[in-house]
Structures are given as structure tokens and as C-alpha cells.
Amino acid sequence: MARLLGTSGTVESRRARRRQTVRLLRARGLYGPRFRDVLPALALVVAAVCALVALLAWGYRAAGIAVPLAGALIITCAVTLWVRRQRPGARRRRGYYTPDDLLELDTEGLALAVARMLRRDGWRVRLIPAPDRPRVCARNTHGRHLDVAFRPVAEPLPDEEAPHPPTHRGQGGEEGLRLVVHRGTFAARDRRWARREGRTCLLDGSALRRWGAGEPLGDLLDEEA
């Protein structure tokens with residue numbers, strides 16, 4: 001009897017520890033969605049499938065086997081295209097990067113990723129490759145110029161010139177915006193330097209991950225302003 005009570009206590013202790021672990025993971029956003037969170041999307045998918053089946057059945061009764069065959073062919077092509085677009089290589093070429101993708105990149109790879117994300121947002125981009133200090137120059141449809149540098153510290157080193165975008169005709173010598181990208185967190189001295197410089201923005205790791213997920217750069221810069 002004592003053995004049974006001890007076993008029951010061990011099981012209850014394991015359940016309590018599991019519940020506590022689940023609560024901690026959910027609080028950090030790492031456990032995943034609950035069933036009630038995915039229920040609306042699941043109901044929408046079921047409704048869409050039922051509507052599609054009903055439409056194909058109506059087409060079969062109205063025009064014969066040609067309608068279901070054509071529908072199946074269209075669905076197959078759409079699914080194939082969607083799967084290809086979701087492949088990591090195709091997704092990154094379109095300017096979408098997961099947090100793991102960004103962590104695996106070296107400095108040159110990060111510069112290429114930023115160039116692709118800028119093109120995704122509608123910028124015309126010129127990538128200036130370099131082994132240790134690549135840069136990206138970009139211009140949008142509104143004539144706004146952007147010069148991007150990549151470094152863990154925003155303040156220039158003693159032997160490094162601060163990046164200055166070229167002056168374009170018709171701008172009256174107006175200087176473009178400078179953006180410093182870092183996958184980590186900027187120190188307070190970096191933010192003080194950026195404020196002193198003016199027209200200099202810092203994009204840290206958190207904002208970079210949101211940008212890679214599809215959030216427009218303009219929205220992120222507006223939050224920093």
C-alpha cells in the first residue's frame with residue numbers, strides 16, 4: 001500500500017512539474033498556440049475545403065467530368081507553386097528570413113540579406129561587397145537615399161570613416177539617411193552617438209528579425225524615431 005502511495009505521489013509530482021514547465025513556456029511564447037488559438041483558422045480551412053468540394057460536385061453535375069479535372073489541375077499547380085515559394089532558398093531570395101537564417105549569416109551574407117529585404121520593400125539597391133565591411137546603398141521611389149553599414153558598434157573606429165551616401169543632383173546637397181545594422185543589442189554609447197550624428201538610425205537584432213519576417217523597414221524606423 002505504501003508503495004502504491006509513493007508511486008501516486010511521484011506521478012502527481014511529475015504532472016505538477018510538467019504543468020509548471022508548460023506555464024513558463026507559454027509565458028515566454030515558446031510552447032506554441034493552444035487549440036482555441038488555432039480553432040478559427042481550422043474552421044476556416046474546413047469551410048473552404050467543403051465549399052471547394054461542393055463547387056466541384058456542382059460543376060460535375062452541370063458540365064461533366066471536365067470541371068473536376070480542371071479544378072484538380074488548378075489546385076495541384078497552386079499547391080506546387082506555394083510549396084516552391086516556401087522553400088528556404090526561394091523564400092530568402094524574396095527577402096524573407098527566419099531568426100535562424102539570420103544567425104547563420106556572416107557579415108557579407110547579412111549584407112546580401114539586407115539588400116534583398118530592401119528590394120522586397122521596393123528600394124533600388126546597390127551592394128558594395130567587402131570581406132569585413134560591406135555596405136548597401138539604396139534609393140526608393142520617393143527619392144529617399146539610404147546608406148547601410150554593418151558592425152557590432154555604431155560609433156566608427158579610429159581608422160574608419162563614417163559612411164556618407166553620395167550627393168545626387170536635384171537634392172541641393174541633402175544628406176541621405178544612414179542605417180547601422182547589428183544582430184545584437186546596441187549599447188547606450190552607440191545610441192548617444194547616433195543621436196549626435198543626426199539622420200543616423202540603428203537597427204538591432206530584434207528589429208532585424210521583425211524586418212526579416214516581413215515587417216516593412218519604414219515602420220521599424222518610425223518606431224525608432
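This is a selection-by-selection tour of a predicted model. Residues are numbered from 1 along each chain as its sequence is written, and side-chain values use heavy atoms, with hydrogens and water left out. Local features need pLDDT of at least 70 and side-chain atom pairs count only at pLDDT 80 or more, while totals for chains, interfaces and linings use all residues.

**Whole chain.** Colour by secondary structure. The chain has nine helices and five strands, where helices (H or I, at least four residues) and strands (E, at least two) are DSSP runs numbered from the N terminus. The order from the N terminus is α-α-α-α-α-α-β-β-β-β-α-β-α-α. Of the 225 residues, 28% count as buried, buried being under 20% relative accessible area, exposed over 50% and partly exposed in between (1.4 Å probe, protein chains only). Among contacts (heavy atoms within 4.5 Å) with a separation of 6 or more, 42% come from residues 24 or more positions apart.

**Select 107-120 and 205-212.** These are helices α6 and α8; they pack at about 55° with their axes 10 Å apart. Axes are lines fitted to C-alpha atoms, for helices over the stretch in contact, and angles run from 0 to 180 degrees between N-to-C directions. The pair is therefore oblique: angles under 35 degrees count as roughly parallel, over 145 as roughly antiparallel, 65 to 115 as roughly perpendicular and the rest as oblique.

Show side chains. From α6, Leu110, Val114, Met117, Leu118 and Arg120 meet Leu208, Trp211 and Gly212 of α8. By class, the residues of this contact are six nonpolar, one polar and one charged; Ala, Val, Leu, Ile, Met, Phe, Trp, Tyr, Cys and Pro count as nonpolar, Asp, Glu, Lys and Arg as charged, and the others, Gly among them, as polar.

**Stay on 205-212.** Gly205, Ala207, Leu208, Trp211 and Gly212 are buried in α8. They sit on the same side of the helix, because their arc around the axis is only 160°, taken from the directions from the helix axis to the C-beta atoms. Then step to Gly214, which follows α8 and has a positive phi near 125°.

**Select Arg126.** Arg126 lies in strand β1 (residues 124-128) and is partly exposed at 48% relative accessibility. Beyond its neighbours within four places in sequence, Arg126 contacts Arg135, Val136 and Cys137.

**Select Arg199.** Arg199 is in the loop between α7 (188-197) and β5 (200-203). Its phi is positive, about 55°, although Arg199 is not a glycine. Arg199 is partly exposed, at 44% relative accessible area.
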